[in-house]
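Open the model in the viewer and keep the selection panel at hand. The stops below say what to select next and what is there.

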Amino acid sequence: MRNDLDKVSEELPPEVQALAKALRELFSGLDLGIRRYAARKHRDAGAISRNLNGTRVPPWEFVSELFKDVAEVRQQPVQAQVLEHVRHLHREALRVSNKRLYEIQILQDKLEQADRNQQHAEMREQALLEALQTRQRRIAELQTERQALESTWISEKMNHAKEFEQARARESSQEEEIRRLNSEVTRLEEELRIARQLTLEAEEKCTILENQLDQAEESGPSTEELRDITTQELSELRSMNENLQAQLDDLRKQSSDIEELRRRRRARATSEAQQKEWVASATPQELTDELIKVYSTDGEDSASRIEYAIGMLKPAIEAYQTVEKLSMVGQTASITRILVVFSDTDVSNVFDMLQLLQRGNYTEYAHSVVSWFAWKRSGEHYIELFTLLKESGDEVTADYLLLQAGDNRPSGKLADLIGDTDPSDAKQLCKYAAAKRNSDQLPSLIRALRLNGLNNYADLCTQETVAIRPQLISYLERAFKVSDSMIDLEIVRSARQSASHQKPDSQLS
């Protein structure tokens, strides 16, 4: 470096001397004279000389730019501890030489930190928002897939038992994933609420600091300070203020972007709410016409939201009338999805729908409602519907409800139901399970019964199974050996010896 710098005066405050020496050492890494550096940076050479000689304390913008220039020449970043050391020297030198500029610089430091905090909070909020939306989309996809599975499960059960079991396994897996995702959504919503609060607090802090800077600028320098401030210093101070204003403008823009995201979410929520409100008030003919139109223009996903709203919001008579009209135009898949959702509504509503479907000779659709009700509703709801069917004299549908529970209800839920229902109905459930249930689900049902202390029903299931389906004896022996269920193993072995000489209490096709 050309030695065109004056010596640092020893009459300067120690803090100013320390900063000047540090800046001179940093400047030496450029291997340039002051005039050439000034020409490159379009700055006044005299102002740069004063900055490096300690005659004046430079604005931090000058120091920061010098660090960048040195890093570019060395082709490596300046170490963080060096930067922080010089920052400390600069603030101390400013404190002892110009109190007003020191106060402004401290406010600017605080504003920069607050800005970084807000940016971090906004990025955190955006990340949480995107994670939340991803999980909500996944939940919607899983619900759509589940509805598609529900719409075809009966035919799969009748024609392709293996494929049905695979579909049911996928359904159980999807329900578990939906529960997990809903739990994550709840957690993310809480984290998002906290992140938004932090963003608001950071923005409020920036506003406070901005007001403080405005007040500091309006107060103006003292007469003595004005005599010491050169034209170049005023220009650099204005540059500092302009930079600060630009940062504030960027901060406001980012806040505006966040608000736009929130506005879009509110608009989507409003749109869905308006759709539900329309479905609740629309006539069956209007709903049918709308579904046909949406299927042809927007596709199945949009139509499925309307079908879901019909199933959840419409009373039995209006949902049934919609089913009638959809049946006239061949929209069977749409009907099935509506009824699958409807099977999750109030039990009395489900009962009314079954009565309407039976009277309208829609037996297949009635069976669809019964099958899904038996598979997924609680034991309390099951017993309530079963009682309503018995009291109304609809023995056929009540028996079909027993059959579907014995055939398809998850083992744990079926064991609970057997323990809660009337003994005669519990025995019939065991017999239907023995006759119709998939072989790989029978051992788990029997284990669940024994865990619930229902040993008599566990014995009945085992005895009925080997009597009605002797081809399963070898399979059950292996299964009970693995589970170390000696009681059931003994029942099966005894049945193997006498199965050819005994007949079951009731032969079930």
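A nonpolar core here is a set of buried Ala, Val, Leu, Ile, Met, Phe, Trp, Tyr and Cys residues joined through side-chain atoms within 4.5 Å. Buried means under 20% relative accessible area, exposed means over 50%, and partly exposed lies in between, with a 1.4 Å probe and protein chains only. The model is predicted: local features need pLDDT of at least 70, side-chain atom pairs count only at pLDDT 80 or more, and totals for chains, interfaces and linings use all residues. Residues are numbered from 1 along each chain as its sequence is written, and side-chain values use heavy atoms, with hydrogens and water left out.

**Whole chain**

Start with a cartoon of the protein chain, which has 23 helices and 0 strands. Helices (H or I, at least four residues) and strands (E, at least two) are DSSP runs, numbered from the N terminus. Of the chain's 509 residues, 44% count as buried. The chain exposes about 26900 Å², and carbon and sulfur atoms supply 48% of that area; accessible areas come from the Shrake-Rupley method with a 1.4 Å probe, and for residues only the protein chains shown count as cover. Contact means heavy atoms within 4.5 Å. Among contacts between residues at least 6 apart in sequence, 73% join residues at least 24 apart.

**The cores**

Select Leu357, Tyr382, Leu385, Leu401 and Leu449. Of the 69 residues in the largest nonpolar core, these five touch the most other members. Helix H14 (residues 347–359) gives the most to this core, with 7 residues. A second, separate core of 26 residues includes Leu23, Ile34, Ile48 and Val70.

Which residues does Leu401 contact, leaving aside its neighbours within four places in sequence? They are Val370, Phe373, Ala374, Tyr382, Leu385, Phe386 and Leu389.

**Arg409 and the helix pair**

Go on to Arg409, in the loop between helix H17 (395–408) and H18. Is Arg409 buried or exposed? Arg409 is buried, with a relative accessible area of 1%. Beyond its neighbours within four places in sequence, Arg409 is in contact with Phe373, Ala374, Trp375, Arg377, Ser378, Gly379, Gln404, Leu414, Leu417 and Arg437. Arg437 is 28 residues from Arg409 along the chain, and their C-alpha atoms are separated by 9.3 Å.

Now show helix H18 (residues 411–420) with helix H19 (residues 423–436): they pack at an angle of about 150°, with their axes 8 Å apart. That angle makes H18 roughly antiparallel to H19. Angles under 35 degrees count as roughly parallel, over 145 as roughly antiparallel, 65 to 115 as roughly perpendicular and the rest as oblique. Axes are lines fitted to C-alpha atoms, for helices over the stretch in contact, and angles run from 0 to 180 degrees between N-to-C directions. Display the side chains of Leu414, Leu417 and Ile418 on H18 and of Ala426, Leu429, Cys430 and Ala433 on H19, which make the contact. The residues of this contact divide into 7 nonpolar, no polar and no charged.

**Helix H20**

Helix H20 (residues 442–451) is mostly covered, with 7 of its 10 residues buried. The buried ones are Leu442, Pro443, Leu445, Ile446, Ala448, Leu449 and Arg450. Gly453, which follows H20, has a positive phi near 80°.

**Two loops with positive phi**

Select His42, in the loop between helix H2 (34–41) and helix H3 (45–53). His42 has a positive phi of about 55° although it is not a glycine. At 75% relative accessibility, His42 counts as exposed.

Gln75 lies in the loop between helix H4 (60–74) and helix H5 (80–97). Gln75 is not a glycine, but has a positive phi of about 60°. Its relative accessible area is 72%, so Gln75 is exposed.

Asn53 is found in helix H3 and is buried, with a relative accessible area of 6%. Leaving aside neighbours within four places in sequence, Asn53 is in contact with Leu5, Asp6, Val8, Ser9, Leu12, Ala20 and Arg24. Asn53 and Asp6 are 47 residues apart in sequence and 6.2 Å apart in space, C-alpha to C-alpha.

End at Glu191 in helix H7 (residues 161–219). Glu191 is partly exposed, at 23% relative accessible area.

Conventions: Nonpolar A, V, L, I, M, F, W, Y, C, P; charged D, E, K, R; others polar.
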